[in-house]
Amino acid sequence: MNVAKSGYRVFSANSTPACTELSKKITERLGVELGKSVVYQESNRETRVEIKESVRAQTIFIIQTIPRDVNTAIMELLIMAYALKTSCAKNIIGVIPYFPYSKQCKMRKRGSIVCKLLASMLAKAGLTHLITMDLHQKEIQGFFTFPVDNLRASPFLLQYIQEEDHKEHLCLSSLSCRCLLRAQSYAERLRLGLAVMHGEAQCSESDMADGRHSPPCVRNTIGHPGLELPCKQQAPFPGIELPIMMAKEKPPITVVGDVGGRIAIIVDDIIDDVEDFVAAAEILKERGAYKIYIMATHGLLSADAPRLIEESAIDEVVVTNTVPHEVQKLQCPKIKTVDVSMILAEAIRRIHNGESMAYLFRNITVDD
């Protein structure tokens, strides 16, 4: 395809070669070349972006995969979007397979909803459309003032499961109630059994979601003894006392469902810290599971995740290439990758040609 006559360009906003692999795969499927640009860090760690070709009146797609240095990747994306905006690009569409800060999408005590802030920054920088995949919470789409296409990786992950040799012995499982609907949807499609794990290994995200909680009265900060002030609890009105709420206490990990002699597949959207997954794998082994697979869309695999996976009862971790993890794969051969560049390339092609996106969501349910 002649890039000059195609009416659109595809740029990569990453400054590290490892993060441009997905961009190269997408452009190969589209039959175009990556746009000419230079993204680098100066000696003082400032990000500089230079566009090396004319983008006037063009539709621009910026592909940005998020490495471990999340904040640098965000600045690269913002600066490139603003550079294209000031270069008179017609439309600037961000392709961000893993949207960063998606876990900070709820108010936690006196914190902030960082995901909403990032959405506003992208709009201010010049983005007019966003293509992403498996947002942590689907309600995040409401943070944006421009269209968002939240693609699904479930067709590729389900295909991977279907190619398993002993499909009749598979069993889907979820580590938390948040992912129960996803696991149930997978199980119904594949006609497999479902097991639910409940207990301490559950994600405590829901416990901190309500922003109305106040800090405890016990102060752990160390200061001058004479400056300590007593913590008083007063009812909102004289003579009125609110009922005392009992503290939540999670039971030990339990498995609801039969996993004996089966291959248990724990489904989630993000796998980052793997301590909970390792603990869940031990319980499943004790309950008689033959093998344990972990399947997620985004494999962040931070810190010591590769080592913990290698030393655990987990037999395989299946993630997509929305996040670069080649280094982690060298450290842990249990990590397998599913390529999703096909659906991202098709989304770019359909948006540019003004075609319907419904084809990419066929047979996709809300719970996927």
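The legends below describe close-up views of a predicted model.

Figure 1. Helix α2 spans residues 21-30. Glycine 31 follows α2 and has a positive phi, near 75 degrees.

**Figure 2. The buried side of helix α2.** Within α2, the buried residues are Leu22, Ser23, Ile26, Thr27 and Leu30. These residues lie on the same side of α2, because the arc that they cover around the axis is only 130 degrees. An α-helix has 3.6 residues a turn, so residues three or four places apart point the same way. The elements that cover the buried residues of α2 include β1 (8-12), β4 (59-63) and α10 (341-353).

**Figure 3. The crossing of helices α2 and α10.** The two axes come within 9 Å and cross at roughly 55 degrees. At this angle, α2 is oblique to α10. The crossing of α2 and α10 is right-handed. From α2, the contact is made by Leu22, Lys25, Ile26, Arg29 and Leu30; from α10, Ser341, Met342, Leu344, Ala345, Ile348 and Arg349 take part.

Figure 4. Threonine 322 is located in the loop between β13 (316-320) and α9 (326-331). Threonine 322 counts as buried because its relative accessibility is 0%, and buried means under 20%. The side chain of threonine 322 reaches the backbone oxygen of threonine 297 at 3.4 Å. Not counting residues up to four places away in sequence, threonine 322 touches Leu22, Thr65, Pro97, Tyr98, Met133, Thr297, His298 and Val340. One of these, Leu22, is also among the buried residues of α2.

Note on methods. Residues numbered from 1 in each chain as written. Predicted model: local features only at pLDDT ≥ 70, side-chain atom pairs only at ≥ 80, totals over all residues. Heavy atoms only, no water. Buried < 20%, exposed > 50% of the residue type's maximum accessible area, 1.4 Å probe, protein only. Helix = DSSP H or I, 4+ residues; strand = E, 2+ residues; numbered from the N terminus. Arc of directions from axis to C-beta. Contact = heavy atoms within 4.5 Å. Polar contact = N/O pair within 3.5 Å; in protein donor to acceptor, adjacent residues only side chain to side chain. Axes fitted to C-alpha atoms, helices over the stretch in contact; angles between N-to-C directions. Parallel < 35°, antiparallel > 145°, perpendicular 65-115°, else oblique. Left-handed = near helix turned anticlockwise from the far one by under 90°.
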